[in-house]
Structure formats: C-alpha cells, structure tokens
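Dear colleague,

I am passing on the structure we spoke about, and below it you will find my notes on what turned up. Please read them with the coordinates open beside you.

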Amino acid sequence: MWLHRAMHAGFYVLLAASAARYVAYHGVDLLVLGVAVLLGVAYPAGVRWTRGLAVVLATWLALVWLAPSFGWCAIPLFFQCLRQLRPRLAVPIAGVLTAAVVLAQVRLADVVDPSLVLGPVGVAVITAAVFFDRRRLIHEAGVLQERQRLAREIHDTLAQGLSSINLLLELGDTRRAAEVARENLAEARRFVRDLSPLQGRSLEDALRGLCDRVEVHGEAYPLTVQTEVALLRVAQGALANVREHADASTVVVTLSYLDDAVALDVRDDGRGFDPAAISPREGRGYGLTSIRGRIAELGGTLSVESAPGEGTALAVTVPTGSR
C-alpha cells in the first residue's frame, strides 16, 4: 500500500538526513556510521518478521545512544510497531521509542524546555490516533463489503429459489416446486461451504442448465473463477426476474467472448418496464442492485434497455484484458 511504501521511504530519508547531520557536527565516526548502515540493512527484515523488527529496534536504540541525531528515525519505526504487533505489545514499545527520542532531544539541547518532551509525545499520540482510526475504518469497510457480498449471495440463491417455489405453488405445479426446493437446498449448502456454483461445469454448460436458448459467440478462453461465478449469478438473477415479472414467451441468453472482455446478454419478449421507475420497496427491487454491485467489483458495466410492452435486454460486460 502507498502508506507503507511512504513510511519505508521516509525511514531511509530520515536515516540519511540524521547521518548527514551527525557528520556535519561531529565528523566521520566509523562506529556510528557503521551502526547506521547496519540499521539500514536490517530494516527490510524488520518490516517482514517480528524477530527482524526486534533486531531493528535494538539497533536503533543503540544508535540513538551513540548519536542522538538519529532520534527522529523513530517515527517510521513507531508506525511499524503499530502495524506488526498487537496493541498490548506495540503501545509499551512505542512508549520506549518515544522516551528514547525525548532523551535524545534533551541530550542535544543547550537549554531544556517542555517542548523537548511534549513535541515527541504529541507526535507519538497523533501517529497512534491516525493509525488506529485508519485500522477501524478498514475494518468497517471490510465488514460492509462482506455484508454486501452475503446479501447478494442470499438474494441470488435463497430468495430467488423461494420466489420460484412460491410461483410454482401458485400455479399448482407441486412436482416442479419440489424439484426447485431440492435445487435451492443444494445451492444453499454450497453457499454455506463457500463452494463454486459451477460445480466443475463450464460456464456455457451452467448457463444451459438455466435456459433452453443459450448462444455463445466468439472463441471461448479461460476466465477467472470470480468472473464465471459473477456471470452465472447475473444470469440467474436476470432469469428469475423474467420468470417472476416479465410473462415472456421467449428468453435468450448470449455469452460473447471479445478480445479484451466477456459479455453476457439476457433478452426476453415480455411485458417490459420503465427502468427509471424501478426503486427498491419492501425488500424488493434488489436484483438489479445486486447485479450492478457484482459487475462493478470486477470493473465491468451493466446496461438495461426496456420499455412497457417491448421486452427487456440486460447486458453486462466484464474486462478480461488482452489475450
């Protein structure tokens, strides 16, 4: 991430600046500069392993004891401790780093004043506050994303299956309703176990299991599992909407392999609707929102063309990169 890279670059900038300041005021000291070089060499290991971080911190403390000029290298080390260690360990270590910076400031100063203590403490508190708030925001964003994923999966499996069962029961087709119930139960179990709904089938075969008329254009090439699952879920959602709302006599699903994208179209000759008038209400109207969310996560696009009495055409396109 850019913040981590910035902190790593900042560490070496501060290390070089501290070394230049030390040489300018005290001349060349091979011991001090040797420890500084050792710190720079050890730092990459410190950002990857906890034991490496312990070596980096010990080396920095020794360096600050020898040359207080290197005290400000504590800022990226402080950040690294917060990132790698649990709070109950990171906070005390951060306190030690802050104390070392304060002592370095006092040793360098001709006159001791409160700013020498309050400055490093303030920087430490601000850094910790920013870090923990950022971690909280990342956690909340992850929770929201997972909720949205679960909502889409539940809509595309359980909710659609139950809607189909209800429609079949209203029509008196209990045999087909029982078949859909068994299929929906199996789909729910796959969802709970986080298994792919394709069950080892190709995307084309899975689509043909949903619709009698499936057309494939272009030369097929491998797609990522995420893309295949997303396209299958889009087709399931679109076909469920057709069954429940369109009263169509013909539905055609078209899968097109383009040079740098794959497209899925679902067209029906049903009653159609006004796309601008669609809005979720009483738990309904989530289908298009679910489809749009799935495709957006893959960097794709969704378009819906429809009008009352003119059928509906739903088209999604997902980039795959040049082959």
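The largest cavity of this predicted model is lined by Trp72, Ala74, Ile75, Phe78, Leu97, Thr98, Val101, Pro120, Val123, Ala124 and Thr127. Two or more of these lining residues come from each of the helical elements α4 (74-84), α5 (87-108) and α6 (115-170), and the largest share, four residues, is the contribution of α6.

Strand β1, residues 214-217, pairs with strand β2, residues 251-257, in the parallel sense, and four bridges join the two; histidine 217, for instance, has serine 256 in β2 as its bridge partner. Together with helix α9, which covers residues 225-246, β1 and β2 make a β-α-β unit, and I would draw your attention to its hand, which is left-handed.

As for the protein as a whole, it has ten helices and five strands, and of its 323 residues 39% are buried. Among the contacts with a separation of 6 or more, 67% are between residues 24 or more positions apart.

With best regards

Key: Residues numbered from 1 in each chain as written. Predicted model: local features only at pLDDT ≥ 70, side-chain atom pairs only at ≥ 80, totals over all residues. Heavy atoms only, no water. 1 Å grid on protein atoms, 1.4 Å probe; cavity = no way out; pocket = protein on both sides within 12 Å on 5 of 7 lines; lining within 4 Å. Pairing = 2+ DSSP bridges. Right-handed = clockwise from strand over helix to strand, strands pointing away. Buried < 20%, exposed > 50% of the residue type's maximum accessible area, 1.4 Å probe, protein only. Contact = heavy atoms within 4.5 Å.
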